[in-house]
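Please read them with the model open beside you.

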Amino acid sequence: MNSFGSKFRFTTFGESHGRALGCIVDGVPAGITVDEDFIQAEMDRRKPGQNAYATPRKESDKVEILSGVFEGKTTGTPISMVIFNENQKSRDYTNVKDLFRPGHADFTYFEKYGIRDYRGGGRSSARETAARVAAGAIAKLLLKELGIEVLSGICEIDGIKSSKEDFDFAKTSEIFSLDKDKEEFQKDAITKAKKEHNSVGGVALVKVKNSPAGLGEPLYHRLDAQIANAMMGINAVKAIEIGDGTEASAKKGLENNDQMRADGFKTNHCGGILGGISTGADIDVKVYFKPTPSIFLKQETVDINNNEVNCELKGRHDPCVAIRGSVVAESMMSLVLADMLLLNMSSKLENIKKVYN
């Protein structure tokens with residue numbers, strides 16, 4: 001499936017080394033001001049080739065809006081956007097065109113479709129996430145109208161954990177680090193792995209501020225379940241945690257429960273979600289990325305004829321995919337929230353009467 005969402009829905013298309021990538025965003029309410037500079041700024045945060053900690057692939061990631069916007073406002077019709085690829089180097093992959101790269105989706109895509117698109121993985125490439133960020137920018141424009149803010153940053157690289165959550169600093173950091181005291185250690189870990197032709201994993205923290213209570217559709221379209229669905233659909237993500245996550249399993253009930261007072265919850269162990277519905281507190285989600293599978297070390301594998309061979313990659317790859325992945329996670333969170341906001345509008349009769357009175 002290439003689509004996500006129920007009311008606020010987007011579909012992406014394109015491949016890593018094809019002519020273009022793009023998306024169609026449907027269900028966007030009419031009348032939202034479309035800030036094209038903001039959309040491009042979101043793309044620039046994700047795009048490759050900006051520093052020593054990302055792939056040197058040079059792409060402008062310029063977004064062209066083809067439909068759904070008139071005189072700077074959304075029209076209520078599908079918004080289509082395209083991003084043309086400019087710096088493909090398919091020849092970098094000719095030496096691996098008949099074998100399966102360890103850690104990649106080459107084998108599973110071949111088993112499913114019987115086609116081996118060796119040019120950077122084709123549809124399974126993380127390049128596809130550029131279209132998700134474009135769609136997420138539209139969702140953010142809706143959230144902005146309601147004062148909802150979605151933030152992200154890196155809280156762990158190669159096991160080096162941040163002890164702070166400074167999202168303002170993350171905006172200035174080359175690796176979106178949340179802790180200025182740990183940033184250099186995290187950078188050093190990335191640089192060391194890169195010099196050794198290896199890679200490292202990392203963890204992104206996504207935080208939602210000013211979320212209204214009541215978002216989420218029990219039982220089978222819960223907010224937490226849709227967040228998990230969105231995040232696990234991002235390339236290289238292997239796990240997520242909401243609130244205290246796995247730590248909750250080691251606590252007693254009294255310690256884990258978020259007790260309440262007249263002015264709100266005393267704590268937020270649940271990460272802003274109870275029963276699959278938002279509480280109104282900050283929504284906190286950690287997204288765990290595996291090390292980039294594209295490494296420049298000899299590895300054992302098999303080819304499409306099941307012959308045992310060695311794999312030696314060439315080309316351009318991120319030494320830590322979590323960095324740019326954090327921007328994608330932020331975008332996917334925004335898309336989930338936009339969908340939940342529209343779904344929640346019909347949950348009460350009084351809401352319907354406000355529209356049709």
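1. Contacts along the chain. Take the contacts in the protein chain between residues at least 6 apart in sequence. Of these, 69% join residues at least 24 apart. Keep in mind that this is a predicted model.

2. Overall size. A compact globule of 357 residues would have a radius of gyration near 21 Å. The protein chain has 21 Å, so the two agree. Along the principal axes, the C-alpha atoms fill a box of roughly 65 × 50 × 40 Å.

3. Secondary structure. How many helices and strands does the protein chain have? The count is nine helices and 18 strands.

4. Surface and burial. Buried residues account for 48% of the 357 residues in the protein chain. The accessible surface is about 17600 Å². Carbon and sulfur atoms hold 50% of that surface.

5. Charges. The protein chain carries 48 positive and 50 negative side chains. The centres of the two sets are 1 Å apart.

6. Helix α8. This helix runs over residues 322-344, which makes 23 residues. At 1.5 Å a residue, α8 should span 33 Å. Its end C-alpha atoms are 32 Å apart, which agrees with that expectation. Is α8 mostly covered or mostly open? Mostly covered: 23 of its 23 residues are buried.

7. A cis peptide bond. Most peptide bonds are trans. Look now at the bond from Pro218 to Leu219. That peptide bond is cis, with omega near -5 degrees. Leu219 sits in the loop between β10 (202-209) and α6 (223-232).

8. Positive phi at Glu71. Most residues other than glycine have a negative phi. Glu71 has a positive value, near 50 degrees, and is not a glycine. You will find Glu71 in the loop between β5 (69-70) and β6 (73-74). Its relative accessibility is 70%, so Glu71 counts as exposed, the cut-off being over 50%.

9. Positive phi at His197. Here phi is near 60 degrees, again a positive value in a residue other than glycine. His197 belongs to the loop between α5 (183-195) and β10. Is His197 buried, partly exposed or exposed? It counts as partly exposed because its relative accessibility is 41%.

10. Two serines in one loop. Ser177 lies in the loop between α4 (167-172) and α5. Ser173 lies in the loop between α4 and α5 too. Ser177 is buried, with a relative accessible area of 0%. Ser173 is buried as well, with a value of 5%.

11. Partners of the serines. Which residues does Ser177 touch, leaving out those up to four places away in sequence? They are Ile154, Ser162, Asp166, Phe169, Ala170, Glu183 and Gln186. For Ser173, take the distance to Gly153. The two are 20 residues apart in sequence and 9.3 Å apart in space, C-alpha to C-alpha.

12. Thr301 in a strand. Thr301 is part of strand β17 (residues 299-302). Its relative accessible area is 14%, under the 20% cut-off, so Thr301 is buried. Thr301 and Leu99 are 202 residues apart along the chain. Their C-alpha atoms are separated by 7.3 Å. Beyond neighbours within four places in sequence, Thr301 contacts Leu99, Phe100, Pro102, Asn307, Glu308, Val309 and Cys311.

13. Asp37 and Asn310. Asp37 is in helix α1 (residues 36-46). With 67% relative accessibility, Asp37 counts as exposed. Asn310 is 273 residues away along the chain. The C-alpha atoms of Asp37 and Asn310 are separated by 46 Å.

14. Thr267 in a loop. Where is Thr267 placed? It is in the loop between β13 (264-265) and β14 (273-274). At 33% relative accessibility, Thr267 counts as partly exposed. Asn257 is 10 residues from Thr267 in sequence and 8.2 Å from Thr267 in space, C-alpha to C-alpha. Setting aside neighbours within four places in sequence, Thr267 is in contact with Asn257, Asp258 and Gln259.

Key
Residues numbered from 1 in each chain as written. Predicted model: local features only at pLDDT ≥ 70, side-chain atom pairs only at ≥ 80, totals over all residues. Heavy atoms only, no water. Helix = DSSP H or I, 4+ residues; strand = E, 2+ residues; numbered from the N terminus. Expected span 1.5 Å × (residues − 1). Buried < 20%, exposed > 50% of the residue type's maximum accessible area, 1.4 Å probe, protein only. Rg over C-alpha atoms; globule rule 2.2 N^0.38 Å. Contact = heavy atoms within 4.5 Å. Areas by Shrake-Rupley, 256 points an atom, 1.4 Å probe, with all protein chains shown as cover. Lys, Arg positive; Asp, Glu negative; His and termini not counted. Charge placed at Lys NZ, Arg CZ, Asp CG, Glu CD.
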